[in-house]
Structure formats: C-alpha cells, structure tokens
Amino acid sequence: MRIAVIGGGPGGLYFSALAKQLDPRHEIIVWERNAPDDTFGFGVVFSDETLGGIEHADTEIFHAMERDFARWDDIDVRYRGSTLTSGGHGFAAMSRKRLLHVLQQRCAALRVRMRHQIEAPGLDRLVAEHDLVIASDGANSVVRNRFADSFQPSLQTHACKYIWLGTERVFDAFKFDIRDTPYGVMQLHGYPYSRDASTFIVEMHEDTWYRGGFDQLAPNPLLPGVSDERSIEVVSGLFTEVLGNQRVFANNSKWLNFTTVHCESWRHGNVVLLGDAAHTAHFSIGSGTKLAMEDALALAACLHEHPDTGSALAEYERERRPVVASTQRAARASLEWFENIAQYTHQEPIQFAFNLLTRSRRVTYDNLRLRDSEFVADTDRWFATDQAEHWPDPAHAEPSPPMFQPFRLGELELPNRVVVSPMDMYSADDGMPTDFHLVHLGSKALGGAGLVMTEMVCVSETGRISPGCACLCTPDQEAQWRRIVDFVHQHSPARVGIQLGHSGRKGSTKLMWDGIDEPLPEDNWEVVGPSPLPYSPDNQTPRELTGSELAAIKDEFVASARAADRAGFDVLELHCAHGYLLSSFISPLSNQRIDGYGGSLRNRLRYPLEVFDAIREAWPDERPMTVRISATDWYDGGIDADDAVQIAGAFAEHGAAGIDVSTGQVVKAERPAYGRSYQTPFADRIRNEVGRKYGIAVIAVGAISSYDDLNSILLAGRADLCAVGRTHLFDPQWTLHAAADQDYSGPGVRWPKQFAAGSRKPRGGRAEEPKPRLRLIRDGEAGTAHQRWCPEAMPLE
C-alpha cells in the first residue's frame, strides 16, 4: 500500500513504524510541518496496560522508551495545609521530545520516509495518489475540517483555563496542589518526566481566571510560539511551596480552554482519523498520547488482518470506538470534577483526597483498596467516626464499607445506605397491588436494603401510566398496601416508602413489555397536562388542565397520602421527574402556559410545590418526605443542571427531607449521555450545594450497579444514599450478598434467621479447594507500593 500520514506526532509515527514492520512492502510517507524537535508540552505519562501493548507490538520501541522512564507509584494531594499520599498507582513518564526521537529513529530504521518542515500536498492529490491517508494532525485537524460533512465533528469548549509548564524541580510523585485563593480555587497537576525535569499544569475555572486578572497580563492573542511570561511569573509565585526555588520554563505556554472533540465517523473514503483528530480526552487522566498510540496499534493490526482497506477501516473504528467512548466518559467526569472543585472545598482533607482520586470513576473504592489498602482503611475510619456522632450505638463507630453505615432521613433511622429504587412492575390488577407486589417488595426487604420503595403509585385511575399500574385511591387498595407494609416491618429491619405520582401526558400507554410509552390501541383514557403538547408524535395530545382541575388533582394526592399514612408507610416520595404530571409542569419543554403556572422556573414550580405543601400538611411530621426530580431533560431548551439546583432548593425550603436525583424521560427526543453512574454528577452537585445548605439528604440513582460504586459515591461525599434498581431485579438479596462479598457482618445488615445458614458465600468449586504448600520459604506479605521517583545523584525532595 501507499500510505500518507499527515502529522508526525506520536500517533502518526507509531502507526508508521508498526505498519512498516508488519509489511516492509508498504510505502509510507509522514508529512510534518514542524521541525523534528518541535513539540507542544513537556512530558507524557503511560499506564502499565498501554506499556504492555507497546512492548508486545514492538520491543525495540519499548526498550528505547524504557531507558528514559521516570517511574513512581505515589500520588500526593496537598490541600488545606495537609498532604495525603496514596500509593500503588504505577506511573511511567518520559520527555515528549525524547519519545518523538525514539519513534523517529525507529521509523528511519524501517525506511519510513519523513518530511519535516514541509506542508503536506493538497488533500485531493494525497487521496488520489495513495491507498490510504491517515489524518493524525491533532485536535485542530485540517483534514477533519475539510471532510466535516462525513466526519460530523462536534467540539465542546470547557469552562477551565489552563497553562502547561515545565520546571527543573524534580517531583518524586504525582502532585496535586489545591489552593483556595481570594479569587477562587486554583490547582496544580504535576509529575516528573526525566532525571532533571518535571511538568505541571495550572488550572482554574474561567471565573477565577478573570477575577485573578490573568486576562490583563498578556496581549490577546499572543503570537505563535510566544509564552505568557507575566502569567508564568504569577503562578510560579502562587505555587512556590511545591515548585521550590527551581526554574520554571515555558514552551509556547499560554492560557487555553480544553476542547473535547467527538466525531460521528472516523472514515471518509480512504481517509481515516487517528488520535486527537478523531477524539480528545482531558489531560487530567493523562490520555491523549496513550489514545493516539493505541489507535495506531489497532489501525496497523486491522490493516494487516483484513484483505481490503474498507473492511480494515470499519473494523478499526468498530474496535476502537467503545474504548475511546469509555475513556472520554472518564475524562469528562474528571474534567467536570475540576471545573466544580469549589463545591468540595468544605470537605475534610482525607475525604477530599479520596474524592479526587476517584473522580473519573476509573479508580473506585475497591480498586483503590487494592492499590493502597492503608489509605482506604484510614478513609473508612474517618467516615465511621464522622457519622458516629449521630448514633449512640458504639458499634456504628466501627469502620465498615460506607454502604453499611446507618443514616437518618429526617427523623427516620435507616440501617444502611442502600435504597431499592422505585421500579414500575406493570403487574397491578385494575389498580390493585397483587401478590406479585408482596413478593417483589418483600424479597427486596429480606435482601438487606435499608429502604425499599414502591413503584410510582398513582393517585387516580386516570393518573395511571398503563392498565398495569398500581393505585392508592380505594379502601381495598389501601388494605393491600397495608398487607405489604406489614410484611416488610414484621420480617426485616428495612423501612418501606411509597412514591406517589400522576402520569399526566404520559398516561394511557401499553405495558412496558408490549411497547414502552406506546399508546393503547383501544380503551384509552384522556390524558392531561400543563399544555396541549404530546410526549411524542405517537402519543395523545393532553388536554390543558384548568385551575379547578388542578385543585382536584391536588386533593387526590392528599387523599392518597393520608391512605399511605394509614397503611403504615415510613417515607413518602413525590414523583416530580420523568415527564409525568408534576415533572411536565417544571419543564419548559412541556409547559407553555401563560398563567401563573407557566413562564419562569419559579412559576413552573408553583403547582408541584402546592401539591408538596398539601401533602406535607397531611403527612405525619415525624415521617420524611422526599422528592424525585429530573435534573436535566437531556434536550436543548429544557431543564439543566443549574435549574436542578434551584428546583432542589425550592423543595428543600418547603420541607423535603431528601432529593432523589434522576434525569430525563421528559421528551421522547432526548439524548442522554448513558454510562456507569451517569446521573451521579447531578446528585453530587445538589448534595454539595443544596444538601449541605439545608441539611437534607441526596439520593443518587441511575446505572449504579455494584457495591464498589456505592462505596465510592458515599465515601467521596457525592450522595448520602444510593438507589439501586435493576441490580435488585437480577439479585433480590443483593445487599446481603454484598455484605458477604465484603466480609461484613455488623449492625448495617441483618440476615433473616431463616436465611442465616446461607450467610457464608458458597464455595466456587475445585478452584477453592485447600492448596498444598509448595514453597520452602514463604513470601512476605505485600504492602502498599510507595515507590517515589528518585533518580541517581538527585536528592530526595
């Protein structure tokens, strides 16, 4: 093949070396407009996983890189005068310029042609004269822009400013230095990359940057290659404790905003994108060069394995896209954590450090415990001690996995932090809960959860979502619910809550398994809403509710709440999410009224708050009320995270004991950013902005499917409780099994006496049989790796 590579960075060079190695007949030419020694930045850092791939693919490149690695294990978090260290992380870094030299030398040895300081010929000519054109020309890719109709790029510029610098101070570990200045929070991220230098980035929110006057320090824009020397002098002084008196140096260093690049396609005919041209991921997880080199390896392998270019490029994108998407999700979580870092500065240093280390969700409670068990044990002890002041039982002061610490929701005591999330079962008989509901909710209570929530129980027959939805509006229904509540109370320590709601414009639809949100083919009932706007083109257009009808529905909510009280429920949750009636009043996408219930967010909240107030007056004072909200509509013009803070604050001011933070399902055309724990960032913000202010609980929900994630969320202070849904459908005894898996037995979970004989995890087969001793001398127990970078002849920092 004749292959043209546009861009001589690590990704383009590594691909060229690997492809030429696999088939020396390839004619490969690399076009790079800069000189061989030119590069933006200073160091690059690699994970052990990526290094393993490099070693397997080309041992000569790996060994040449290895000779220049700075290696260490520790991360130091300096915050509020304390430095906390976590070990066992395993880093390898090197000079970016040295990496380019290694790759250039390997390409030259393999007879790859490299053209530096020469602009590549026109794209039309390259496409016509080559079998394959690889665009590895960076985040500002000219090739991507030329074929934008095919690649469909989207570029999102983020809210933090950063400047990338180098220093002669040789750090002995990865450094995070967090400074709460009069202008706002500023942070330094730094690591060593050679025997005699380190690199660091100073980052801050744009608002802090402006308040600090950095916009006044240099002409805008600076000429290419010119660094912002005045800003460099200021930030060097701000971080003098970590930088010492060592020289700070620049390399085209100026303030930038990070841009996330995403492309719907990476291919256009015989042109393919690689590295930052196709995708970017924030530097705080150290992923740019790593992703580009992994792309290069996959592309070279796919070209070698497939008989034609088209199928090879399709396989390359199919193979790499999920990996890149996962990395971009982690990078986005990390990026947003630093954008919102000010909301965590109230945390104690040890919790702050744990929060920082687990910010991307790549490092979790269990994963961190494997890396540094002492650090996690210290954090567990702090969490238990911090919570123990609220509990007279000394057993609660004992360290445990955070999910098994008790919690007080209003005045209600919960034995642990696990909530069975409300899940519609579509199994009621004309609104009547059945034995299915008894078994469903009873099994989850027996399974160890601290709080078990019903599905959305509708306040009227016409307020149902489907014919299979349960109600609480007749004495017979009340009696059936009382039977279920009594079972939970008699046979478990769990508390049981009811979620009340009205379907609004999303009513009169099929059972979920017959077609979720699809209208009934016959026997429809009229649906209502704030405005005559259907949920989707296929759904009924709701009738706009009048003032008297709103009052009547409010009375239905109150009547159901009183029935729930008589039935013995411990908690009442008002459903103001997912596009149902109260949610549809809050969202501007479904509420276009011109009276006092429409227009501003304050007006759109008026009716849901009126319903909440009426229920709160009828509901016993000692029993808590919570509210489920949609923190974003996942659609332009709808509710966003800023609105969600105001919504949560409004309900808190009216007496809510907790906010259950979900998202979406308000319009059919939504575009959610699904992923593991994808709704938790919204809960995190509400907890740290609203929960702390009003002293109320925040419940995280949404794709939280492992006890590891629960423990991570709780210990980092992102939520007070975690609602787990589908995982409980997979395993009704999930909480008990989580305790067994974590070797926990304590007051946070209680096995039913009927199940006590099964409280030990069953053996897994022959693999768990006793093993003979085969070593004459036993190995010592491995502790946490705390290797720090200490090159020869360099003093310890």
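A residue is called buried when its relative accessible area is under 20%, exposed when over 50%, and partly exposed in between (1.4 Å probe, protein chains only). The model is predicted, so local features need pLDDT of at least 70 and side-chain atom pairs count only at pLDDT 80 or more, while totals for chains, interfaces and linings use all residues. Residues are numbered from 1 along each chain as its sequence is written, and side-chain values use heavy atoms, without hydrogens and water.

Begin by selecting Cys576. Because its relative accessibility is 2%, Cys576 counts as buried. Next, select Cys790, which counts as partly exposed because its relative accessibility is 38%. A disulfide is a pair of cysteine sulfur atoms within 2.5 Å, and a search of the whole structure finds zero of them. For Cys576, the nearest cysteine sulfur belongs to Cys458 and lies 14 Å away.

Now select Phe569. In the largest nonpolar core, which has 89 residues, Phe569 is among those that touch the most other members, as are Trp481 and Phe557. Such a core is a set of buried Ala, Val, Leu, Ile, Met, Phe, Trp, Tyr and Cys residues joined through side-chain atoms within 4.5 Å. A second, separate core of 64 residues includes Ile6 and Phe46.

Finally, select residues 547-567 (helix H19) and residues 606-618 (helix H22). Helices are DSSP runs (H or I, at least four residues), numbered from the N terminus. Where these two meet, with contact meaning heavy atoms within 4.5 Å, the residues of H19 include Phe557 and Ala561, and those of H22 include Tyr607 and Ala614.

How values were computed
Axes fitted to C-alpha atoms, helices over the stretch in contact; angles between N-to-C directions. Helix = DSSP H or I, 4+ residues; strand = E, 2+ residues; numbered from the N terminus.
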